[in-house]
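Open the model in a viewer and keep the selection panel at hand. The stops below say what to select and what is there.

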Amino acid sequence: IEGLTRAGHRALVLGDGQEAVGCFRKAFVLSRSVESPRLRSACAFNLGAAYVETGKPRKGLEFLLQSQSSLGGNGEPSRGLYFSIEAAREGLQDFPKAPERFDGDRTAQAGSRARTRVRMGCCYLGMREPARAARCFLDAARCFAAAASPEAAAVALSRASGSMLQSQGFGTAEITAVLAQCHSLCGSIRDAALRGKLYSAIGLSYSQLHIFTLAAESFERALASGPEQHRAAALLQNMGAAHNALGSFGTALGWHRRAAGLHGALGNRRAQGQCFGNLAYACSRLGNHEAAAESYLHALQAFRDSGDVQGQWQACEGLGAAYFHLGDPHRAIGHYKEAL
């Protein structure tokens, strides 16, 4: 039960609600055979909170109420429990007052407060209030740091930066400061998989801010962590895209080819089509329009295989431009008509 609970909390902090539900459900089933009402209550609470985060407030409320009743009326429910029941009861739609009620409790230990702030942040995301979610994640990061939990602090900072970008209510300087904090913590994280995921998330955030030099550096660090193949393929694709954005088209070619090859080996045809599109664009910017046309043809076939209509018209438009530059206006017109 302890191992499943730790795994569930880790998944919850990482934003993987489905994984958290699975872990907490197994722990809850096991707790039924244990002579400890408080343990059964904790397991029911964890499962209910996870259901709330994954957008199933009614299901969550069922287990949160079980958590309350399994204590047999001994003592008052914790503020964390009250908060989650409130979120479930309102279906994550009318929840602005519950955080203020929790905020009155300043005596909670740093780790406990941090976990609750993470849960609050997740609920605010469910309510489509990313600005409030960002502040919860930032507060959680401070509490995790105070509790000497650098891994959890880094994850909270990563989620904070993502929420800040989503809200569009924060300046670039504020977001980059949070990303820099997160980046500084990553070096001390021993878990290579987690470190790689964080570097990848940091890179994507820098890409959204159009700071592609730092994005490329973060993607490269993520690759150095030895990710599994699916994640490596995505990172190679992002590296190529970042170098395209930087205008380093010669450097980008190698990344595009590696990404297309790995996505192809994994059967990710749509992603492979995107890599061929990126490769074609780099070739066209280098003036190699024949190679661009060949890559656009590969992209078009991959998008047809995966049913991606938008990808198809983009590839057709690219083919039109390539054949125009190659002095074949007849074929260019044909591809432009196909794009239309």
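Start with helices α14 and α15: α14 passes α15 in a left-handed crossing (left-handed if the near helix is turned anticlockwise from the far one by less than a right angle, right-handed if clockwise). Helices here are DSSP runs of H or I with at least four residues, strands are E runs of at least two, and both are numbered from the N terminus. The model is predicted: local features need pLDDT of at least 70, side-chain atom pairs count only at pLDDT 80 or more, and totals for chains, interfaces and linings use all residues. Residues are numbered from 1 along each chain as its sequence is written, and side-chain values use heavy atoms, with hydrogens and water left out.

The axes of α14 and α15 lie 8 Å apart, at an angle of about 160°. Axes are lines fitted to C-alpha atoms, for helices over the stretch in contact, and angles run from 0 to 180 degrees between N-to-C directions. α14 is therefore roughly antiparallel to α15 (over 145 degrees; under 35 is roughly parallel, 65 to 115 roughly perpendicular, the rest oblique).

Next, show the side chains of the contact (heavy atoms within 4.5 Å). On α14, select Phe249, Leu253, His256, Arg257, Ala259, Ala260, His263 and Gly264; their partners on α15 include Ala271, Phe276, Leu279 and Tyr281. By class, this contact has 11 nonpolar, 5 polar and 2 charged residues. Ala, Val, Leu, Ile, Met, Phe, Trp, Tyr, Cys and Pro count as nonpolar, Asp, Glu, Lys and Arg as charged, and the others, Gly among them, as polar.

Keep Phe249 and Tyr281 selected. The count of aromatic pairs is 1, where rings of Phe, Tyr and Trp (its six-membered ring) pair if their centres lie within 6.5 Å, with planes under 30 degrees apart counted as stacked, over 60 as edge-to-face and the rest as tilted. The ring centres of Phe249 and Tyr281 are 5.9 Å apart and the planes stand at 75°, so the pair is edge-to-face. Phe249 belongs to α14 (residues 249-266) and Tyr281 to α15 (residues 269-285), 32 residues apart.

Move on to α16 (residues 289-306) and α17 (residues 309-325), whose axes are 9 Å apart at about 160°. These two helices are therefore roughly antiparallel, and their crossing is left-handed. Among the residues that meet are Tyr296 and Phe303 of α16 and Leu319 and Tyr323 of α17. The contact divides into 11 nonpolar, 5 polar and 1 charged.

Now go back to α8 (residues 130-146) and α9 (residues 150-167): the axes come within 8 Å and cross at roughly 165°. That makes α8 roughly antiparallel to α9. Phe137 and Phe144 of α8 are among the contact residues, as are Leu157 and Met164 of α9. The classes are 16 nonpolar, 3 polar and 1 charged.
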